[in-house]
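Take a moment to look over the sequence and the structure below. Then follow the text step by step.

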2 protein chains.
Amino acid sequence: MKIAFQGELGAYSEQALRVYFGTEEEAVPLPHLEDVFEAVESGKVDRCIVPVENSSAGSIYRTYDLLSEHPLNIIGEQYLKINHCLLALPDVSRDQLKKVYSHSQALDQSRAFLSQLTIEEVPFYDTAGSAAWIAQEGNPELAAVASSLAAEHYNLQLMAENIQTYKHNTTRFLVLSKEAVKPQGHCKTSMVFVSKHIPAALYKCLGGFATNNINLSKLESRPTQTGMGRYRFYLDCEGHVDDPALEFALSELEFFTSSLRILGSYPIGYIPE
Amino acid sequence: MKIAFQGELGAYSEQALRVYFGTEEEAVPLPHLEDVFEAVESGKVDRCIVPVENSSAGSIYRTYDLLSEHPLNIIGEQYLKINHCLLALPDVSRDQLKKVYSHSQALDQSRAFLSQLTIEEVPFYDTAGSAAWIAQEGNPELAAVASSLAAEHYNLQLMAENIQTYKHNTTRFLVLSKEAVKPQGHCKTSMVFVSKHIPAALYKCLGGFATNNINLSKLESRPTQTGMGRYRFYLDCEGHVDDPALEFALSELEFFTSSLRILGSYPIGYIPE
């Protein structure tokens with residue numbers, strides 16, 4: 001099977017792909033998130049894996065926008081703990097390092113560790129890209145903050161692991177496919193809806209879930225340009241779209257929404273400690 | 001008054017600062033968001049302005065984290081339409097351009113325009129930083145995607161304005177102060193709470209707002225590591241914390257939450273079309 005992801009080899013998306021699919025499948029790196037969605041829609045690849053939210057950076061709306069524009073189904077989710085590593089050329093020691101390159105978010109997240117090294121931080125456009133770059137430069141004074149997978153891809157030395165200040169930095173990825181896949185086991189269902197312009201709209205939208213004992217695992221309003229009183233919501237709840245309780249809840253929800261799209265029912269992923 | 005913002009001169013945060021405070025106040029650029037919060041808390045500056053959500057990229061959790069860690073008050077909000085511009089050295093023409101530098105998000109958001117130019121896109125760590133960099137390089141083949149304010153700061157030519165594909169790209173900024181400021185006019189109140197671990201917790205939390213006719217303008221759950229059934233929520237609603245209807249709603253909300261913090265009541269900002 002071919003599975004697309006956004007970024008360079010060694011990106012955290014590739015790491016999530018490896019955890020979800022194993023190492024036998026073909027991982028296809030593509031430069032932009034749009035390309036990843038199009039590759040699945042056109043049949044160039046069988047699946048893709050895309051980031052949808054991070055415990056410190058929040059929801060990735062671009063992914064939701066592309067989910068709206070492309071008729072793909074969510075067939076799975078993968079939580080990945082983001083373990084930033086300090087990478088350098090082989091046989092280099094810590095006191096040789098003068099500059100560290102990475103995405104500004106990764107540098108921010110690793111500041112407590114990096115400040116002990118008295119090393120200049122240089123923001124770069126991408127974590128895996130910074131690893132590729134220092135490997136190409138061949139300069140023993142340069143380091144990068146990236147995944148351990150990037151160290152493997154670019155033959156770099158893993159000088160330190162788990163260097164992020166807040167240890168619980170987790171990204172949730174979605175696995176997408178053109179065709180729906182019948183899920184097994186305990187499921188979650190994702191949907192997007194716009195509530196009608198009525199008083200207490202959201203409260204009414206949630207009534208069907210509350211009275212049918214359906215747990216919500218995510219609820220998020222999206223800033224709209226149309227002003228107060230109207231919202232677009234992203235909602236994840238427990239259960240499969242064919243479960244009778246969820247069917248009841250959804251028919252009630254539909255009454256209070258001007259649009260409702262089910263994005264998929266899929267097995268609940270394990271959230272790492 | 002001294003007002004801190006994160007980034008380099010010409011950042012969109014500085015543009016928001018200028019719209020909110022005018023051009024008379026002293027803008028203080030600081031490299032990291034933490035520095036910005038600390039500058040207000042320590043009294044080094046009087047106010048700060050920080051991005052909190054973007055219509056295409058979503059909420060900025062880092063800002064919410066720092067709001068939790070620092071005892072600052074939200075005293076205002078400013079919506080800014082993000083107008084990406086193509087900048088180059090003075091007297092350069094479009095067909096001379098070979099490479100365009102910017103933050104990868106800004107390049108993504110301007111792709112439809114950039115693809116007409118047959119120009120190589122080079123991701124950079126920051127929009128304003130890319131403008132500063134091409135000005136410093138002095139190479140007529142280089143362009144940057146950044147704000148019009150960056151063109152002013154770095155004496156660059158504004159070759160094209162409003163080049164983003166989706167015209168409605170708006171960022172919401174918060175204005176923070178150590179002391180609460182008594183707001184005037186129609187207000188909004190922001191809060192963060194964790195619901196109790198009880199069935200239909202969120203539905204119950206929202207009941208007080210629904211029955212007291214209080215409109216919500218934002219509601220967002222934050223992924224927690226503690227599993228299903230417990231949520232941290234960010235909620236914005238209309239009204240001032242001293243309004244009797246909101247007082248009723250908040251006392252009801254408190255009953256269903258294990259923690260509740262009011263972040264501030266402040267005048268509602270104008271959302272640009």
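Which residues in α8(B) are buried? Ala201(B), Leu202(B), Tyr203(B), Cys205(B), Leu206(B), Gly208(B) and Phe209(B) are. Keep this helix in mind. The model is a predicted one.

Begin with one chain. Chain A has 9 helices and 15 strands. Its C-alpha trace spans about 65 × 40 × 35 Å along the principal axes. Chain A has 273 residues, and 48% of them count as buried. Now consider contacts in chain A between residues at least 6 apart in sequence. Of these, 73% join residues at least 24 apart.

Next, bring in the second chain. In general, two copies of a chain are related by a rotation about an axis and a shift along it.

Where do the chains touch? The contact takes 41 residues from chain A and 39 residues from chain B. On the side of chain B that touches chain A, several elements each supply at least two residues. The helices among them are α3 (61–69), α4 (104–109) and α8 (201–211). The strands among them are β4 (58–59), β8 (120–124) and β13 (216–222). The largest share on this side of chain B comes from β13(B), with 6 residues. By class, the side of chain B that touches chain A has 17 nonpolar, 15 polar and 7 charged residues.

Do the copies meet through the same surface or different ones? Look at the interface residues of chain B: 100% of them are also interface residues in chain A. So the copies meet through the same surface.

α8(A) and α8(B) pack at an angle of about 150°, and their axes are 10 Å apart. An angle over 145 degrees counts as roughly antiparallel, so α8(A) is roughly antiparallel to α8(B). The crossing of α8(A) past α8(B) is left-handed.

Which residues meet there? From α8(A) come Leu202(A), Tyr203(A), Leu206(A), Gly207(A) and Ala210(A). They meet Leu202(B), Tyr203(B), Leu206(B), Gly207(B) and Ala210(B) in α8(B). This contact between the two helices has 8 nonpolar residues, 2 polar ones and no charged ones. Leu202(B), Tyr203(B) and Leu206(B) are also among the buried residues of α8(B).

Finally, look at the loops on either side of α8 in chain B. Ala200(B) is found in the loop between β12 (187–195) and α8. Ala200(B) is not a glycine, yet has a positive phi of about 55°. Is this residue buried or exposed? Ala200(B) has 20 C-beta neighbours inside 10 Å, so it counts as buried.

Asn213(B) lies in the loop between α8 and β13 of chain B. Just after α8(B), Asn213(B) takes a positive phi of about 55°. Asn213(B) is not a glycine either. Asn213(B) has 12 C-beta neighbours inside 10 Å, so this residue counts as exposed. Ala200(B) is buried, whereas Asn213(B) is exposed.

Definitions and conventions. Residues numbered from 1 in each chain as written. Chains lettered and ligands numbered in written order. Predicted model: local features only at pLDDT ≥ 70, side-chain atom pairs only at ≥ 80, totals over all residues. Contact = placed C-beta atoms within 7 Å. Helix = DSSP H or I, 4+ residues; strand = E, 2+ residues; numbered from the N terminus. Nonpolar A, V, L, I, M, F, W, Y, C, P; charged D, E, K, R; others polar. Axes fitted to C-alpha atoms, helices over the stretch in contact; angles between N-to-C directions. Parallel < 35°, antiparallel > 145°, perpendicular 65-115°, else oblique. Left-handed = near helix turned anticlockwise from the far one by under 90°.
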